[in-house]
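Dear colleague,

I am handing over the structure we spoke of, together with notes on what turned up in it. Please look through it with the notes beside you.

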Amino acid sequence: MISSLNNYNPAFLGLLVQSPLLCNGFISSKPLGLPPTEERNPKLATLFASSTQKDSATTLLALDNDGEEDEIVVTVDRAPCFDGVCESTPVDGDVAAFLTDTHACDHDNGKDKESSPSDENDAVGEAMLRLGTMTGPTVWSEFGRLSQEYDVANLGQGFPDWLPPDFAVEALVSATIDSTKQSPHQYTRTAGHPNLVKQLARRYSKHMHRTIDPMNEVAVTVGASQALYLCLQTLVKPGDEVILFEPFFDLYQNQIKLAGGTPVYVPLTFVPYTEDTGEVSGGEWVLEPEKLEQAISPKTRAIILNSPHNPTGKVFNLSEMKHIAENVIAAGPQCVVISDEVYKYIVHSSPPQEELLGVGSSCPGHIHFASLPGMWDRTITVSSAGKTFSATGWQVGWCVGPSNLISPVHQLLPYVQFCASTVIQEALARTLPKADEPYEGYDSYYEYLNSKYRRKRDLLGKGLKEAGFAIPDYDRTPGGGFFIFARITPELRRALPAERMGPEYTKNPAAPGGEARLDWALCQWMAEEKGVLCIPSSPFFSRERAMEGASDEFIRVAFCKTDETIESAARALMGVRSKKELIGSSLVETSAE
């Protein structure tokens with residue numbers, strides 16, 4: 001019987017790494033095919049992996065030259081994912097309960113045991129205690145399961161389902177096969193590959209209207225999520241408050257808690273275009289200055305600004321940004337803005353040009369918060385390459401700001417990882433200059449990108465409106481990113497079967513407060529019964545506000561998908577729309593035209 005992997009063919013280990021066996025807290029039942037016997041290495045006990053389910057876990061098997069399967073390891077994947085879905089299949093209720101029960105097993109002897117609250121606290125570290133109850137199933141694991149269990153047009157995932165532009169792929173290939181003395185296959189500078197930080201400093205010098213020092217005012221990280229994490233870790237201590245504009249990308253909330261801080265929520269106000277006729281309309285999300293002023297205090301250590309905004313697509317206007325700047329100063333010298341600008345090159349509906357002229361934006365339609373008067377010294381700008389170049393798997397992000405705010409990030413980086421991938425950093429350094437050149441008939445890749453997303457936005461928007469959703473009017477409302485925050489109309493409420501709002505469906509540990517409300521129920525029903533997957537809005541709100549119903553009317557729909565996926569989703573959405581007419585004491589349901 002094989003007991004260890006250490007002495008076996010490295011090709012087998014590579015096979016395990018590449019196999020989508022487990023993810024998102026679910027177990028895959030998809031076995032890997034085994035090559036014919038004649039293709040196996042006769043000199044080594046060549047191993048091939050497959051997976052079976054055994055005793056509520058996954059068993060990895062190996063095949064020796066004698067053709068017999070030997071059990072190697074039994075494993076379950078408890079790792080969550082954010083804004084992504086891996087290839088996995090759902091497990092039954094017993095395994096799901098095991099996955100979410102953090103004290104069901106004594107890992108020293110493998111036996112079940114009872115544990116007291118104090119035992120639980122002793123068993124986990126400070127970071128897990130800070131997260132508290134927010135370590136169970138999530139919207140991403142739940143809707144990841146649905147995407148695998150049902151045949152759906154998937155508009156939930158926040159990443160493109162096409163390849164990066166040719167020049168980016170070519171840059172990656174050229175970096176990979178570079179065999180010169182400076183070949184990027186070894187460690188590079190921990191704070192950022194020299195070629196990349198020089199390119200970023202050159203670009204941000206234009207964005208910020210100042211000279212950026214590549215070695216002291218730029219830090220390269222593993223994606224923008226890590227950039228945000230490091231910013232918060234270097235800024236926040238227990239007792240500090242960090243302001244979030246609500247709704248917000250759910251990653252922010254837990255990263256604040258991991259740093260020991262307290263999230264303080266400033267709700268954005270949804271203002272419908274009109275409700276005068278009784279028809280539910282789209283509208284705009286606005287920042288009311290007095291709500292921010294009420295939240296500011298001497299404890300305010302940071303404000304996280306995300307523009308363009310996930311999930312609403314809002315582009316904060318110049319007036320709102322000036323209000324934020326005024327409150328940063330009012331809070332005191334300790335207050336810093338972390339400006340998350342990963343969607344800065346995707347402003348598909350630009351603010352008025354006269355507004356942009358005042359700040360001299362070098363990204364069409366986008367205002368860099370740090371470029372406002374007096375805000376460079378109070379801002380860390382966070383961004384990445386993934387959204388811009390349709391390459392979210394590259395995982396290269398960065399922070400740009402004054403040296404006194406970036407230096408602590410530099411100091412912390414070696415203790416997090418030695419460096420982001422040198423090959424990917426070099427590939428991005430080669431990609432950035434190419435993006436400024438003419439592309440596909442446009443003056444630059446960035447113009448092409450905006451045009452592409454504008455067309456996809458309109459294609460999806462047409463399908464959503466025909467299905468009965470209310471969406472923003474982008475001729476009057478600026479918009480960015482690649483999500484539509486669609487509003488649920490009364491017609492769609494009536495289309496949702498009544499039992500979907502019953503306890504059989506609404507009790508859900510992945511939903512805020514364990515209760516699936518209208519937005520969640522509608523999205524789950526559409527995935528299970530209608531063939532289209534969208535994301536409910538409630539996970540983007542604080543638990544209290546979601547439980548009050550602030551998120552009930554909205555769902556998040558991604559248009560960073562191929563036309564075929566969007567068109568398939570539009571056809572599925574037409575199946576959602578129905579009308580229920582009260583005739584006497586009975587309900588008659590009719591399909592829409």
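A salt bridge, as the term is used here, is a side-chain nitrogen of Lys or Arg within 4 Å of a carboxyl oxygen of Asp or Glu. By that criterion Glu142 forms a salt bridge with Arg145, with 2.9 Å between the closest N and O atoms. Because the two residues are three apart in helix α5 (residues 139-149), about one helical turn separates Glu142 from Arg145, and both Glu142 and Arg145 are buried.

Before the other findings, a word on confidence. The model is a predicted one, with a mean pLDDT of 81 over the chain and 75% of the residues at 70 or more. Where pLDDT is low, the predicted coordinates should not be read in detail.

To return to the charged pairs, the structure holds 20 salt bridges. Among them is the one between Glu553 and Arg487, whose closest N and O atoms are 3.2 Å apart. This pair links distant parts of the chain, since Glu553 lies in the loop between α19 (543-548) and β19 and Arg487 in strand β16 (residues 483-487), 66 residues apart. Glu553 counts as partly exposed because its relative accessibility is 24%, whereas Arg487 is buried, with a relative accessible area of 6%.

A further salt bridge joins Glu529 to Arg500, and here the closest N and O atoms are 3.4 Å apart. This pair also links distant parts of the chain, with Glu529 placed in helix α18 (residues 518-530) and Arg500 in the loop between α16 (490-495) and α17 (503-506), 29 residues apart. Arg500 has a relative accessibility of 4% and therefore counts as buried. Finally, salt bridges with shared partners join Glu142, Arg145 and Glu149 into one network.

The aromatic side chains deserve a separate paragraph, as a search of the whole structure finds 28 aromatic pairs. One of these is formed by Tyr345 and Tyr446, and it is stacked, with 3.9 Å from centre to centre and 15° between the planes. Tyr345 lies in the loop between β13 (336-340) and α12 (353-357) while Tyr446 lies in helix α15 (residues 445-467), so the pair ties together parts that are 101 residues apart in sequence. Tyr345 and Tyr446 are both buried.

Which arrangement do the rings of Tyr453 and Phe559 adopt? Their centres are 6.1 Å apart and their planes stand at 70°, so the pair is edge-to-face. Here, too, distant parts of the chain are linked, as Tyr453 belongs to helix α15 and Phe559 to the loop between β19 (554-558) and α20 (563-574), 106 residues apart. Both Tyr453 and Phe559 are buried. Ring pairs also link a cluster made up of Phe167, Tyr345, Phe389, Tyr439, Tyr442, Tyr445, Tyr446 and Tyr448.

Turning to the surface, Val124, Met128 and Leu129 form a nonpolar patch that together has about 230 Å² of accessible area. Met128 is placed in helix α4 (residues 126-131), and it counts as partly exposed because its relative accessibility is 40%.

A cis peptide bond joins Ser307 and Pro308, with omega at about -5°, and Pro308 is found in the loop between β12 (300-306) and α11 (318-331). The peptide bond from Asn310 to Pro311 is also cis, with omega near 25°, and Pro311 likewise lies in the loop between β12 and α11.

His209 has a positive phi, near 60°, although it is a residue other than glycine; it sits in the loop between α7 (194-208) and β7 (218-221) and is partly exposed, with a relative accessible area of 46%. Glu440, again not a glycine, has a positive phi of about 50°. Glu440 is located in the loop between α14 (422-435) and α15, and at 57% relative accessibility it counts as exposed.

With kind regards

Notes: Residues numbered from 1 in each chain as written. Predicted model: local features only at pLDDT ≥ 70, side-chain atom pairs only at ≥ 80, totals over all residues. Heavy atoms only, no water. pLDDT = per-residue confidence, 0-100. Patch = residues over 30% accessible without salt bridge, like charges linked within 9 Å, V, L, I, M, F, W, Y side chains within 5 Å. Areas by Shrake-Rupley, 256 points an atom, 1.4 Å probe, with all protein chains shown as cover. Helix = DSSP H or I, 4+ residues; strand = E, 2+ residues; numbered from the N terminus. Buried < 20%, exposed > 50% of the residue type's maximum accessible area, 1.4 Å probe, protein only. Phe/Tyr/Trp six-rings, centres within 6.5 Å; stacked < 30°, edge-to-face > 60°.
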